[in-house]
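Biologist: I would like to learn how to read a model like this one. Please take me through it feature by feature.

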There are 2 protein chains.
Amino acid sequence: YEYLEKELEVYRELPAQTLDGHRLILRGNVELAREVPAVLAHGGAGVGLFRSEFLFLNPGQAPGEDEQFEIYRELAQKMIPEPVTIRTLDVGGDKFVPEINLSEEDNPAMGLRGVRFSLKEHNLLMTQLRAILRASSFGEVRVMFPMISGVDEIRACKDLLRQACAQLDERNQSYDADIKIGIMIETPSAALIADLLAPEVDFFSVGTNDLIQYCLAVDRGNEHVAYLYEPLHPAILRALKMIGDAGRKADIEVGMCGEMAGEPVYALILLGLGFNELSMNAACIPRMKRIIRQVRRQDGEELLAQLLDLPRARDVSRFVEEEMARRFPGLFGPPEI
Amino acid sequence: YEYLEKELEVYRELPAQTLDGHRLILRGNVELAREVPAVLAHGGAGVGLFRSEFLFLNPGQAPGEDEQFEIYRELAQKMIPEPVTIRTLDVGGDKFVPEINLSEEDNPAMGLRGVRFSLKEHNLLMTQLRAILRASSFGEVRVMFPMISGVDEIRACKDLLRQACAQLDERNQSYDADIKIGIMIETPSAALIADLLAPEVDFFSVGTNDLIQYCLAVDRGNEHVAYLYEPLHPAILRALKMIGDAGRKADIEVGMCGEMAGEPVYALILLGLGFNELSMNAACIPRMKRIIRQVRRQDGEELLAQLLDLPRARDVSRFVEEEMARRFPGLFGPPEI
Ligand SMILES: [Mg+2]
Ligand SMILES: [Mg+2]
């Protein structure tokens with residue numbers, strides 16, 4: 001515990017920069033505004049994922065535009081000069097919100113969720129976009145759309161965002177006209193066409209939990225098939241590589257906000273894949289930063305090259321675990337042989 | 001109707017060969033042995049998909065090894081000299097079989113289905129594999145495993161197949177020791193690692209319905225999101241290209257048995273993608289053959305090259321429809337503008 005406190009102190013003010021000079025941005029995933037101090041305390045460079053659906057959890061109290069605005073504004077102001085990334089309402093799948101009656105679905109994970117729901121229920125989305133835009137004149141606010149599967153959807157979202165801007169213009173309310181727009185990459189199709197999506201946006205953020213589930217066609221909550229859910233499945237590595245390559249080529253920020261982003265054992269691979277932003281639970285930030293400061297991005301690229309043709313998830317896992325244990329014996333213990 | 005009869009007669013004996021000399025194999029999808037005459041009548045070169053789960057549809061009458069063997073043998077003999085491809089029991093998802101109690105799942109499409117079920121219930125699979133193997137000495141029988149998502153699974157299947165061979169050896173029962181082994185490519189991960197799977201098998205057969213669903217994370221049976229189910233989504237084209245490239249490189253048969261395989265409007269693209277086997281409802285075979293005999297594979301490759309960077313499914317669809325209408329004005333009518 002003392003050690004952790006010390007780690008916090010030492011690393012809070014240092015950049016997450018590799019030995020060969022590549023700077024990563026480590027941010028916090030946040031569900032409630034009161035988690036912001038923890039992000040700051042752990043040296044997070046802003047909020048990489050604000051899960052706005054948590055504002056809708058109290059029955060009978062779905063927040064209107066003004067209430068949302070106040071919350072987003074407070075978030076933005078507390079994080080100055082770092083950004084706050086607000087993900088628009090992400091319901092459906094396994095996420096239920098009392099105010100919103102979703103119809104019964106046979107396969108909710110492949111149903112009306114994320115941006116699909118928002119594009120169907122324009123009004124909810126428009127209210128939220130106006131609140132986000134209004135907050136954007138009080139700090140750096142970014143907007144992010146979940147569950148994008150094609151170019152049409154992000155274009156539709158951007159169109160609605162433009163309409164929200166026009167509505168604020170009419171009201172003479174200010175906003176950041178250059179607000180950064182991002183998308184979650186969490187469907188296999190988004191990974192497969194990352195190069196077509198990149199020119200449409202300012203940043204990507206990979207939602208690993210969903211991306212892995214869909215790629216492998218595995219509901220990780222299903223005990224019979226959970227054993228197939230493997231973050232280091234060769235198919236996942238390749239999907240992540242497509243995303244990293246496309247983002248790098250388009251020169252946009254390539255981030256990750258799923259569980260994988262906060263796992264130190266993946267740090268080197270994520271570097272090698274070209275990710276330059278990782279958003280995680282605040283408590284994970286110092287350890288991730290510590291690892292990043294002790295490696296070179298080139299090490300990650302070399303590791304990745306050795307992984308890409310391994311045939312099985314277990315081969316990849318073992319290779320990565322051994323490599324990380326060799327580099328950081330105190331952190332990752334002896335390799336499993 | 002008269003026209004169709006004539007088409008049948010003309011094309012039954014002709015090969016599905018392009019103007020530049022590439023031979024495709026067109027086969028029939030079959031659920032019941034009594035559909036075999038239709039495959040023959042329509043000039044199908046064997047059965048590309050025998051859906052064995054249909055043998056399990058009568059409550060209280062799940063067929064044992066001998067009963068299955070008789071059915072597979074009859075199929076194989078009727079199709080001589082062409083092959084019969086028997087897909088092992090593919091339950092789960094939206095496929096229910098009275099004899100098999102699947103537990104309730106939140107997302108059955110991403111649950112215990114296909115080969116996952118078979119690998120859990122070894123005995124059912126072993127019984128089926130022995131029946132398939134015994135039939136293989138009476139004609140050309142091929143075995144195909146559904147819902148493969150990684151190399152481990154196909155290796156496990158092959159291991160069980162070897163065990164089934166050993167059991168038949170002990171019984172002094174004969175089988176084709178060189179039985180061809182194939183897999184359905186229907187999860188995004190299988191597409192992404194098609195190059196790693198290809199060396200493990202003799203043939204691929206793409207299940208487009210599931211592949212499209214998982215890639216886009218869309219349950220096509222869900223009315224709210226069915227609009228997102230697009231066979232010509234750019235992500236699907238790319239997934240199909242990966243599969244075609246990997247199969248061609250490994251010099252194995254690259255087939256397709258999903259609905260896309262029987263749609264004449266896709267004929268040219270599938271040629272361009274490198275598919276060399278298409279399995280479909282028997283009634284679709286003559287029309288497909290007629291189209292293939294009037295084009296060059298190079299035409300398909302050129303068309304594909306123009307499609308791969310189009311950003312939206314609708315752009316791809318329009319391009320393809322216009323091209324096919326231009327080439328076959330009688331078949332596809334005027335393009336939608
Ligand atoms: Mg998600
Ligand atoms: Mg299927």
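**Metal sites and charged pairs**

Modeller: Start with one residue. Asp210(A) is buried, with a relative accessible area of 10%. Buried means under 20% relative accessible area, exposed over 50%, and partly exposed in between, with a 1.4 Å probe and protein chains only. This is a predicted model, in which local features need pLDDT of at least 70, side-chain atom pairs count only at pLDDT 80 or more, and totals for chains, interfaces and linings use all residues. Side-chain values use heavy atoms, without hydrogens and water, residues are numbered from 1 along each chain as its sequence is written, and chains are lettered from A and ligands numbered from 1 in the order in which they are written.

Biologist: What are the protein donors of the magnesium ion (ligand 1)?

Modeller: Donors are N, O and S atoms within 2.8 Å of the metal (3.2 Å for Na, K and Ca); water is not among the atoms, so sites may look incomplete. Here the protein donors are Glu186(A), through OE, and Asp210(A), through OD, lying 2.1 Å from the ion. Glu186(A) sits in the loop between strand 6 (180-185) and helix 7 (188-192) of chain A, and Asp210(A) in helix 9 (residues 208-216), so the pair ties together parts 24 residues apart in sequence. Helices (H or I, at least four residues) and strands (E, at least two) are DSSP runs, numbered from the N terminus. Glu186(A) counts as buried at 2% relative accessibility.

Biologist: Which residues are the protein donors of ligand 2?

Modeller: For that magnesium ion they are Glu186(B) (OE) and Asp210(B) (OD), lying 2.1 Å from it. Both Glu186(B) and Asp210(B) are buried.

Biologist: How many salt bridges does the structure hold over all chains?

Modeller: Side chains of opposite charge can pair when their charged atoms come close. The cut-off is a side-chain nitrogen of Lys or Arg within 4 Å of a carboxyl oxygen of Asp or Glu. Over all chains, the structure holds 62 salt bridges.

Biologist: Where in the chain do Arg142(A) and Glu253(A) lie?

Modeller: Arg142(A) is in strand 5 (residues 140-145) of chain A and Glu253(A) in strand 8 (residues 253-256), so distant parts of the chain, 111 residues apart, are linked. Their salt bridge has its closest N and O atoms 3.2 Å apart. Both Arg142(A) and Glu253(A) are buried.

Biologist: Is Glu65(B) buried or exposed?

Modeller: At 12% relative accessibility, Glu65(B) counts as buried. Its salt-bridge partner is Arg171(B), at 2.6 Å from N to O. Arg171(B) is partly exposed, with a relative accessible area of 38%. Glu65(B) lies in helix 3 (residues 65-79) of chain B and Arg171(B) in helix 6 (residues 151-171), so the pair joins parts 106 residues apart in sequence.

Biologist: How many residues apart are Glu70(B) and Arg73(B)?

Modeller: They are 3 residues apart in helix 3 of chain B, about one turn of the helix. Glu70(B) is partly exposed at 39% relative accessibility. Arg73(B) is also partly exposed, at 22%.
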